[in-house]
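Please open the structure in a viewer and keep the selection panel at hand. The stops below proceed from the whole chain to individual side-chain pairs.

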Amino acid sequence: MQATAYTYDPETRSGSVLLDDGTPVEFGAEAFDAGGLRLLRPGQRVRIETAPGAGDAGFTITLVTLQTL
């Protein structure tokens with residue numbers, strides 16, 4: 001699934017993305033670390049992987065990485 005980076009805190013390595021419908025979804029340090037990134041800037045297109053879970057979106061983000069073509 002694709003999304004757009006919305007927020008990122010380098011101290012906690014967590015943040016949020018905006019889904020293409022505008023829904024914000026938070027991710028934790030585990031998802032950021034799984035993607036192997038060092039930094040994430042708001043506005044970057046990212047690829048996310050999810051698992052069923054709690055939250056408004058009904059899933060938990062398990063991986064955040066940069067979107068490549």
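**The whole chain**

Select the entire protein chain and display its contacts (heavy atoms within 4.5 Å): of those with a separation of 6 or more, 41% are between residues 24 or more positions apart. The model is a predicted one, in which local features need pLDDT of at least 70 and side-chain atom pairs count only at pLDDT 80 or more, while totals for chains, interfaces and linings use all residues. Residues are numbered from 1 along each chain as its sequence is written, and side-chain values use heavy atoms, with hydrogens and water left out.

Next, switch to a cartoon view. The protein chain contains 1 helix and 5 strands, arranged along the sequence as β-β-β-α-β-β. Its radius of gyration is 11 Å, close to the 11 Å that the globule rule gives for 69 residues, so the chain is as compact as a globular protein of that length. Helices (H or I, at least four residues) and strands (E, at least two) are DSSP runs numbered from the N terminus; the radius is taken over C-alpha atoms, and the globule rule is 2.2 Å times the number of residues to the power 0.38.

Now colour the chain by accessibility. Of the 69 residues, 32% are buried, where buried means under 20% relative accessible area, exposed over 50%, and partly exposed in between (1.4 Å probe, protein chains only).

**The salt bridges**

How many salt bridges does the structure hold? There are 3 salt bridges, each defined as a side-chain nitrogen of Lys or Arg within 4 Å of a carboxyl oxygen of Asp or Glu.

Select Asp-33 and Arg-13, whose closest N and O atoms are 2.8 Å apart in a salt bridge. This pair links distant parts of the chain, 20 residues apart: Asp-33 belongs to helix H1 (residues 29–34), and Arg-13 to the loop between strand E1 (2–9) and strand E2 (14–19). Asp-33 is partly exposed at 39% relative accessible area, and Arg-13 is partly exposed at 33%.

Proceed to Asp-20 and Arg-45, a salt bridge with its closest N and O atoms 2.9 Å apart. Here too distant parts of the chain are linked, 25 residues apart: Asp-20 is in the loop between E2 and strand E3 (24–27), and Arg-45 is in strand E4 (residues 45–52). Is Asp-20 buried or exposed? Asp-20 counts as exposed, with 60% relative accessibility, whereas Arg-45 is partly exposed at 31%.

Finally, select Glu-49 and Arg-47, which form a salt bridge with the closest N and O atoms 2.8 Å apart. Glu-49 is partly exposed, with a relative accessible area of 36%; Arg-47 is also partly exposed, at 33%.
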